[in-house]
Every structure is written in structure tokens, then in C-alpha cells.
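Subject: Handover of a structure for your review

Dear colleague,

Please find below the structure that I am passing on to you. My findings follow it, grouped by topic.

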There are 2 protein chains.
Amino acid sequence: MEQEFASTLLENAVNELSRLPGIGRKTALRLALHILRQDKKSGRALGEAIINLREGIRYCHTCHNISEEATCPICSNPSRDRTTVCVVENVKDVMSIENTGQYRGLYHVLGGVISPMDGIGPNQLEITSLVDRVRDGKVSEVILALSATMEGDTTNFYIYRQLGTLPIKITQLARGVSIGNEIEYTDEITLGRSLLNRTLFADSFNRTLL
Amino acid sequence: MEQEFASTLLENAVNELSRLPGIGRKTALRLALHILRQDKKSGRALGEAIINLREGIRYCHTCHNISEEATCPICSNPSRDRTTVCVVENVKDVMSIENTGQYRGLYHVLGGVISPMDGIGPNQLEITSLVDRVRDGKVSEVILALSATMEGDTTNFYIYRQLGTLPIKITQLARGVSIGNEIEYTDEITLGRSLLNRTLFADSFNRTLL
């Protein structure tokens, strides 16, 4: 659908906005016209927030989480448990796990999972730095918290092989029926896994809080 | 839902993005993380496009369409028919009508419709400037192209009353069954109007192009 714009400034803004994921040209135009209706201060605040975000953010040297310093707030927090490292795919997963309030250890952000279809091999991910970190540090447990997909499982297994010789405990997130899900609609593989890995009912009372 | 952000830059970007219409905090976070994954040039291009849009755009002195000059490209185009003025609610409507390719006259952007519920009266709209423009100029026809809603009809009627004494033709967009709509699902008011205003079938051949 060709749109004839009255202004190259508008056209430019629509082009840039429609590069964002999930935002087509119609939505981009709606957003641009909304920005035009707001006062100049709001437009500048949005534009500058985006520029500052991209130019100001760095990545933690230790865990590769986003940060404004060389070391992120989690890695530099002295009250966190430094013997446990939780391996996640991306920055959003760190936030998700932090939001549970159930974890007080450190993280390691891989930057993705092994996916030959997308051309992502182990060398594109922060796996070597994880192995170095575990070998050099006083880490006693590595928690694999990758997606329960074929790519996640492949990556889990690769990391497991790389860390295999080190004297640490390697765990992964429990797989089972999601809270709120009905048994009738749970797939067979999940149901089978959750039967095999069934836990003592009495334990569930103690396990609600860390 | 509280989100603990690792970075105030990220938090700030999410806050600003989530002010946009239809973008909640989850989507804003997804957009911000997308921007972080792109190169710095893309982030700066998006931010600057937004700032330049809001700060660079002006409104045409004649028709109040957006413009980069004091007079917009449509008003300054010598090949447009200067005797016809199409009255629309907003800038997007100008684009919609331009996209039909069926109109070669000028526009007048009201900036909304009369809506007492939202506190918008005739004085907040560009109605006086429309009357002045029609009185002073060589306009022979005003086309009312407002929404087919109660507010649109009220505004149409108000403008009609204001222009009533001037020797011009005042028309409005045809109301009828939308192209592609089935009769079964057309509401009774539209169907009644389209019966009353039925047109000669043979005319439809001639009317496909202006």
C-alpha cells in the first residue's frame, strides 16, 4: 500500500518506526501522528530515551547482562550468592527470573541458544566465557534455565558436556505441568516427564519459598 | 506488574515507549530490547526521526495540514482545483482521500469534530478560518468529509449553518453500502439511506474515474 506523505519528516519517522518488530506501516503512521499531537517536550523525551538507551547501555563483563557499568548491579551486589550461576538465553529471562523473587544467585547470559537452522553455533554464544568463569571461580552449582525446546535441550547438553569434567553440580529447571494448567490439556511428553519426576506431596509446602 | 530493571536507561526508554497508544509495558520492553540488539546507527536514526518529526513539522497556514513550509505541497500545487475545498477531521483523512486518487481540489483540516462529551466546541476547531477562507476566496464548492457519526453530523450541520449565507455549493460524502459489504450484514440506517439516495445504475460506469 503506497502512502503519499505530505512531509519527508513524517515519511522518515514512519519508515524508522515500522522497522520495529510487530509495527507495520499503518501502526507506525498512527504512532507518528500521535507524537505530532503531543507537546514538543514529549517527542524529544521519547527520541532521546531511545538514543540514550542504545548508546549508553553496555554489557556486564562477567555475566553479559545489560548494565550501565562494567559490572552489572547483580554481579556487584555483595548479598547475592556467588556460588550459584543461572544460565539464561537473554536479558529478558534475567528479568523474568528476578521477578519471581525466588533466586539470589548470579546469572550468565548466553545471548541465544544453539540453532543450526539460524546459523547460530556454540561460538556465537557466551559458552567459553561460562566455562572459564566456572573453572576460575568458586561456583558450586550451574542451573540451566534455557527454553524447553529442541534448541534449548541441545544447548543444555552442549554446556553439560563442556562443564562435565569440573567438580560442580549441574541442574536444570523442573519440567512439569504448568501452574493453572488442566491435566486434560497438558501434552503427553510433559505429562510423562512430570510423572517420572513426581515429587513428595509434603515437600510442596516447604518449597513455596526459598 | 512490577518490573525490576537492571538499568535506568532501559527503564526510561520503556516508560517513554509505553506512553505511545496501544503499547503497553510488555511491548515497550520488547521494543527496547529489540533496539538494543540493533546497531547504534539504527537506534540513533529512530530517535532522531522522532525528534525531527515533532520539532520540524509545522502546519499549513491555509489548510492546517502538516507541512514543512508555511504553505503545504497541496495548497501550493498550481495544478490543483482551487475552487473546491474538502473539509476533513485530521491529517490522516487527507492522506486517505489523497490515496483514493479521486480528488484534485484543496483541503481544510478542522483538527477534530464538535464533541461536547470531550469538551471540544466549535472554537477549538478551525471553523472560523474555514468561513473566512470561503468568504475571501474563489471557492465554489465545500465538500463535508467528516465521519458518519453523531459528532460528525453535528459538525457538518454547524458548518452548514455558518456557510449557509455564502453563494457556494455544500456537499457531503455519499452514505451507502460499503464496497464489499453484504446486504445481510448492513445496518438498517445505512440500508435505508442507500435506498433513499439510490443512483442510476448506468451512471456507475461513468463514475468509476473522475
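Into which domains is chain A divided? Chain A is divided into domain 1, residues 8-56, and domain 2, residues 82-173; these bounds come from an automatic or database domain assignment. Between the C-alpha centres of domain 1 of chain A and domain 2 of chain A the distance is 36 Å.

Conventions. This is a predicted model, in which local features need pLDDT of at least 70 and side-chain atom pairs count only at pLDDT 80 or more, while totals for chains, interfaces and linings use all residues. Residues are numbered from 1 along each chain as its sequence is written, chains are lettered from A and ligands numbered from 1 in the order in which they are written, and side-chain values use heavy atoms, with hydrogens and water left out.

The same surface serves both copies, as 100% of the contact residues of chain B recur in chain A; contact means heavy atoms within 4.5 Å.

Core and contacts between the chains. The largest nonpolar core has 43 residues, and those with the most contacts inside it are Leu10(A), Leu17(A), Leu53(A), Leu10(B), Leu17(B) and Leu53(B). Such a core is a set of buried Ala, Val, Leu, Ile, Met, Phe, Trp, Tyr and Cys residues joined through side-chain atoms within 4.5 Å. Buried means under 20% relative accessible area, exposed over 50%, and partly exposed in between (1.4 Å probe, protein chains only). At least two residues of this core come from each of α1 (8-17), α2 (25-37), α3 (40-56) and α4 (91-100) of chain A, and likewise from each of α1 (8-17), α2 (25-37), α3 (40-56) and α4 (91-100) of chain B. Helices (H or I, at least four residues) and strands (E, at least two) are DSSP runs, numbered from the N terminus.

Not counting residues up to four places away in sequence, Leu17(A) touches Ile23(A), Ala28(A), Leu31(A) and Ala32(A), together with Leu46(B) and Ile50(B). Glu16(B), in helix α1 of chain B, is buried at a relative accessible area of 11%. With neighbours within four places set aside, Glu16(B) is in contact with Ser42(A), Ala45(A), Leu46(A) and Ala49(A).

Cys75(A) is buried at 4% relative accessibility. For Cys60(B), the closest cysteine sulfur is in Cys63(B), at 3.8 Å, also too far for a bond; Cys60(B) is buried at 1%.

Backbone. Most residues other than glycine have a negative phi. His64(A), however, has a positive phi, near 70°, and lies in the loop between β1 (58-59) and β2 (66-67) of chain A. In chain B, phi of His64(B) is likewise near 70°.

The unreviewed UniProt entry lists "domain: Toprim" at residues 83-178 of chain A. That span is 35% helix and 20% strand, with its end C-alpha atoms 28 Å apart. Leu106(A), in strand β4 (residues 105-109) of chain A, is buried at 6% relative accessibility. Its contacts beyond four places in sequence include Ile74(A), Cys75(A), Thr84(A) and Arg133(A). Val134(A) belongs to helix α5 (residues 127-136) of chain A and is buried at 5%. Beyond four places in sequence, Val134(A) is in contact with Val139(A), Val142(A), Leu163(A), Leu166(A) and Ile168(A).

Yours sincerely

Definitions and conventions: A disulfide is a pair of cysteine sulfur atoms within 2.5 Å. UniProt positions are given in the numbering used here, feature names are shortened, and annotations may be inferred rather than shown by experiment.
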